[in-house]
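Q: I would like to learn how to read a model like this one. Please take me through it feature by feature.

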Amino acid sequence: MKSKLKDSSSDDLGAMRTFMKVIEAGSFSAVAKETHVSTSTVARKISQLEGALGVPLLHRSTHKISLTEAGNLYLERATTLIADFDDTMRVVAELDATPSGPLKLTAPVAFGRRYLAPLVAPFLAHYPTIQLDVRLTDNHNDLVAGGFDLDIHEGENYLDNLVVQKLSRNDSVLCAAPSYLERRGRPLHPDDLKQHNCLRYVHPEGDPRWHLIHGKERHSLLPTGNLVSDHSELLLEATCAGLGIADFEIWLVRDHLATGHLQVVLPQYKMENTLTGRHIYLAYLANRRGSTKLRVLRDFIIDQLQHVGRFSDEELRKIQGEDN
């Protein structure tokens with residue numbers, strides 16, 4: 001079947017941009033005024049574009065214009081193509097440029113306070129022409145709507161249009177203060193947790209049960225105790241004070257475990273948390289993958305935090321040895 005496309009020379013980026021401007025402004029005259037050309041020049045560009053395609057893109061009337069079915073399809077494709085073209089031009093132009101300009105990052109509150117806050121000063125000391133905007137929230141953000149360049153999040157709740165990169169494994173452990181274990185005894189089996197004061201994190205999208213796995217063994221239980229909260233740091237304070245046993249991601253408690261303020265409970269069992277998932281991720285829009293300033297921030301974070309959510313074998317042996 002022969003294509004309707006008659007003359008691709010007129011179907012160029014300039015014609016696309018003019019067409020997109022007409023749709024945005026709502027009239028030929030508005031675009032003519034904005035671009036300092038005559039209305040007839042704008043109309044002629046659109047007519048040439050339609051002639052090259054062999055289909056009408058616009059319905060024209062005295063007072064307004066509207067898209068045809070072909071026009072809707074062309075606008076959708078043209079918007080993507082122009083965005084990719086502009087991003088390509090920007091990326092190439094930035095190759096030898098100093099990373100500079102605004103850069104917006106979002107991350108969970110506790111993670112940001114513990115791990116991003118100490119990195120802000122050294123990063124900006126190295127890249128002083130970047131203006132960093134850091135937003136900490138436990139509500140997962142829409143990168144496009146929020147205008148974010150980079151998102152750090154736990155779990156697999158990312159969108160198809162994002163480039164997602166693993167930052168670290170995200171392991172979880174049951175913890176208690178030595179004072180609690182001395183007072184109440186140490187659980188030796190998941191069933192023993194039924195006799196303990198278990199402090200539980202609650203979240204609308206989370207599973208309230210604890211899942212513990214050891215080889216082919218799998219135990220699921222609903223922890224009970226005298227404290228529930230949607231704030232992990234509040235639970236951490238209570239756990240450190242000897243109130244009970246709680247489930248935490250390793251990145252949140254690794255310092256407390258290293259100093260002995262907390263101890264791992266049931267270390268032979270692996271915790272499975274469907275809310276926080278198996279990894280911590282970095283995510284960004286596909287059309288930002290070539291941004292120099294985004295790349296240096298991403299690489300800096302990876303270099304500093306790539307193992308924050310797990311214990312090395314040496315760390316694990318040390319912690320388990322202190323438990324025994």
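Q: What covers the buried residues of helix 8?
A: First, some terms. This is a predicted model: local features need pLDDT of at least 70, side-chain atom pairs count only at pLDDT 80 or more, and totals for chains, interfaces and linings use all residues. Residues are numbered from 1 along each chain as its sequence is written, and side-chain values use heavy atoms, with hydrogens and water left out. Helices (H or I, at least four residues) and strands (E, at least two) are DSSP runs numbered from the N terminus. Buried means under 20% relative accessible area, exposed over 50%, partly exposed in between (1.4 Å probe, protein chains only). Contact means heavy atoms within 4.5 Å. Now the case: the cover of helix 8 includes helix 5, helix 9 (250-259) and strands 7 (172-176), 8 (198-201), 11 (228-229) and 12 (245-249).

Q: Which residues of helix 8 are buried?
A: An α-helix has 3.6 residues a turn, so residues three or four places apart point the same way. In helix 8 (residues 232-240), the buried ones are Glu233, Leu235, Leu236, Ala238 and Thr239. Just after the helix, Gly242 takes a positive phi of about 90°.

Q: Is Asp247 buried or exposed?
A: Asp247 counts as buried because its relative accessibility is 17%. Its place is in strand 12.

Q: What does Asp247 touch, not counting residues up to four places away in sequence?
A: Asp247 touches Ser172, Val173, Leu174, Leu199, Trp210, Met271 and Asn273. Take Val173: it lies 74 residues from Asp247 along the chain, yet their C-alpha atoms are separated by 5.7 Å.

Q: How many residues does the largest nonpolar core have?
A: In soluble globular proteins, nonpolar side chains tend to be buried together. A nonpolar core is a set of buried Ala, Val, Leu, Ile, Met, Phe, Trp, Tyr and Cys residues joined through side-chain atoms within 4.5 Å. Here the largest has 43 residues, and Phe111, Ile152, Val253, Ile301 and Leu305 have the most contacts inside it. Helix 10 (residues 292-305) gives the most to this core, with seven residues. Apart from it lies another core of 18 residues, among them Met16, Phe28, Leu49 and Leu57.

Q: With which residues is Ile301 in contact, leaving aside neighbours within four places in sequence?
A: They are Leu105, Leu116, Leu150, Ile152, Leu167, Leu282 and Gln306.

Q: What volume does the largest cavity have?
A: Rolling a probe the size of a water molecule over the atoms shows where empty space is left. On a 1 Å grid over the protein atoms alone, a cavity is a set of points where a 1.4 Å probe fits but cannot get out; a pocket is an open set with protein on both sides within 12 Å along at least five of seven lines; lining residues have an atom within 4 Å of a point. Grid points are joined across faces, edges and corners, and a volume is the space filled by probe spheres set on the points. The largest cavity has about 60 Å³. Its lining divides into 10 nonpolar, no polar and no charged residues. Helix 5 gives the most to that lining, with four residues.

Q: Which residues lie nearest the centre of the largest pocket?
A: Glu154, Tyr201, His203, Leu275 and Thr276, out of 46 lining residues. The volume of this pocket is about 940 Å³. Strand 5 (residues 150-154) gives the most to its lining, with four residues.

Methods. Ala, Val, Leu, Ile, Met, Phe, Trp, Tyr, Cys and Pro count as nonpolar, Asp, Glu, Lys and Arg as charged, and the others, Gly among them, as polar.
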